[in-house]
Amino acid sequence: MSVVAVEAATGERCVFGGSSGVDVVDAVAASCAVPGVWPPATIGGTRYVDGGIWSLTNSDLAIGCDRVVVLAPIPDPAMHAELSGLGAGVVSVVITPDTPSLEAFGSDVLDPASREPSARAGRAQGRMEAARLAPLLMGSRSPPDIG
């Protein structure tokens, strides 16, 4: 798993992964620091903001992978270009919010009142998607059925 943030002072993309030495909680806090909504997160003396500043999905980071699952909570037209840049033969699956999740978000995804309903809807969708994606994640080269 990779968590993406942007260095607030330079605008450079930073990828936190297993070898980064950064705790996943700190990396996620940095990746969720939406400018103007939440303050930057500080890791090792450096301030970071939401990785969505660089790209909503950062799917270009999957170069070299033969199977890619993208969790895309917000539609991003650039994602398709990023995925096509991964090369021929890459099996990619994009998961976007289902109808119950969209309804739980409401009109303001940052509204604190939407947190619990969104989390419950996302968890339900995640369970359905996990079952659908299991063959792909276990090594199948066939894309899962859509729907």
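Is C65 buried, partly exposed or exposed? C65 is partly exposed, with a relative accessible area of 38%; partly exposed lies between buried (under 20% relative accessible area) and exposed (over 50%), with a 1.4 Å probe and protein chains only.

## Basis

The model is predicted: local features need pLDDT of at least 70, side-chain atom pairs count only at pLDDT 80 or more, and totals for chains, interfaces and linings use all residues. Residues are numbered from 1 along each chain as its sequence is written, and side-chain values use heavy atoms, without hydrogens and water.

## Cysteines

A disulfide is a pair of cysteine sulfur atoms within 2.5 Å. By this rule the count is 0 disulfides. C32 is in no disulfide, and the nearest cysteine sulfur, in C14, is 15 Å away. C32 is partly exposed at 42% relative accessibility. For C65, the closest cysteine sulfur is also in C14, at 18 Å, which is too far for a bond.

## Strands β1 and β2

Helices (H or I, at least four residues) and strands (E, at least two) are DSSP runs, numbered from the N terminus. Two strands pair if DSSP finds at least two bridges between them. Strand β1 (residues 3-7) pairs with β2 in the antiparallel sense over 4 bridges, and V4 has V15 in β2 as its bridge partner. The two strands form a hairpin with 5 residues between them, and G11 in the turn has a positive phi of about 80°.

In a regular strand the side chains alternate between the two faces of the sheet.

## Strands β5 and β6

Strand β5 (residues 67-71) pairs with β6 in the parallel sense over 5 bridges. The bridge partner of V69 in β6 is V93. V93 lies on the covered face of β6 (residues 91-95) with V91 and I95, while S92 and V94 are on the uncovered face.

Together with helix α2 (residues 78-84), β5 and β6 make a right-handed β-α-β unit. Right-handed means that, with the strands pointing away from the viewer, the path from the first strand over the helix to the second runs clockwise.

V28 is found in helix α1 (residues 24-31) and is partly exposed, with a relative accessible area of 36%. M1, V24, V25 and V28 form a nonpolar patch on the surface, with about 410 Å² of accessible area together. Accessible areas come from the Shrake-Rupley method with a 1.4 Å probe; for residues, only the protein chains shown count as cover.

Patches are made of residues with over 30% relative accessible area and no salt bridge; nonpolar side chains (Val, Leu, Ile, Met, Phe, Trp, Tyr) are joined within 5 Å, and like charges within 9 Å. A salt bridge is a side-chain nitrogen of Lys or Arg within 4 Å of a carboxyl oxygen of Asp or Glu.
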